[in-house]
Amino acid sequence: MVDPEPDANIRRLRRPENDGSAPGRRWKTEWPAELSSPEGRVRCTVLDISSWGARLSLDAAATVPDRVWLVIDSIGTVAGEIVWRRDNTIGLQFVEQQAWIRRLHARRLDPRTWPAAAGDQPRS
């Protein structure tokens, strides 16, 4: 029997890819960072990141409010909302999509931007 609607079994992405989204969705990282709120700052590590959010590991058991700012050295501050918590790991959804992550990820995948290995000839 032929399926009358061939697209019926295709699940739509929650956030479709577009020019502002990160390719490959999440990018594995180990960036030191901090969560900032009116209650203070908590050190954390960015475990993975996309243009829409990040998974963070808190350095210590801490009470963190739902609305925070993710502070990453040499990058800046990103407003977000904690959408899930599991032990010392949290899921942070950014208030606005972060296009810089897509650009950074694209540069990482471009071999022209990689440092030369020892003994390689300079590119012309």
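Biologist: What makes the side chains of D48 and R26 a salt bridge?

Modeller: Their N to O distance is 3.1 Å. A salt bridge is a side-chain nitrogen of Lys or Arg within 4 Å of a carboxyl oxygen of Asp or Glu, so D48 and R26 qualify. D48 lies in strand 2 (residues 40-49) and R26 in the segment before strand 1 (27-37), so they tie together parts 22 residues apart in sequence. Strands here are DSSP runs of E, at least two residues, numbered from the N terminus.

Biologist: And what are the ground rules?

Modeller: This is a predicted model, where local features need pLDDT of at least 70 and side-chain atom pairs count only at pLDDT 80 or more, while totals for chains, interfaces and linings use all residues. Residues are numbered from 1 along each chain as its sequence is written, and side-chain values use heavy atoms, with hydrogens and water left out.

Biologist: Why is D48 called buried?

Modeller: D48 has 4% relative accessibility. Buried means under 20% relative accessible area, exposed over 50%, and partly exposed in between (1.4 Å probe, protein chains only), so D48 counts as buried.

Biologist: Which residues are linked with D48 in a network of salt bridges?

Modeller: R26, K28 and R55 are linked with D48 in that network. The structure holds 7 salt bridges.

Biologist: How do you know that R85 forms a salt bridge with D66?

Modeller: The closest N and O atoms are 2.7 Å apart, so the pair passes the salt-bridge cut-off. R85 lies in strand 5 (residues 76-86) and D66 in the loop between strand 3 (53-58) and strand 4 (67-72), so this pair ties together parts 19 residues apart. R85 is at 42%, hence partly exposed, and D66, at 45%, is partly exposed too.

Biologist: What about R67 and E81: what is their N to O distance?

Modeller: It's 3.3 Å, and their side chains meet in a salt bridge. R67 sits in strand 4 and E81 in strand 5, 14 residues apart. R67 has 56%, so R67 is exposed, whereas E81 has 33% and is partly exposed.

Biologist: Last one: why is F94 called buried?

Modeller: F94 has a relative accessible area of 2%, so the label is buried. F94 is in strand 6 (residues 89-94). Contact means heavy atoms within 4.5 Å; leaving aside neighbours within four places in sequence, F94 is in contact with residues including I49, W52, L70, V78 and I101. The C-alpha atoms of F94 and W52 are separated by 5.5 Å, though these residues are 42 apart along the chain.

Technical notes
Helices (H or I, at least four residues) and strands (E, at least two) are DSSP runs, numbered from the N terminus.
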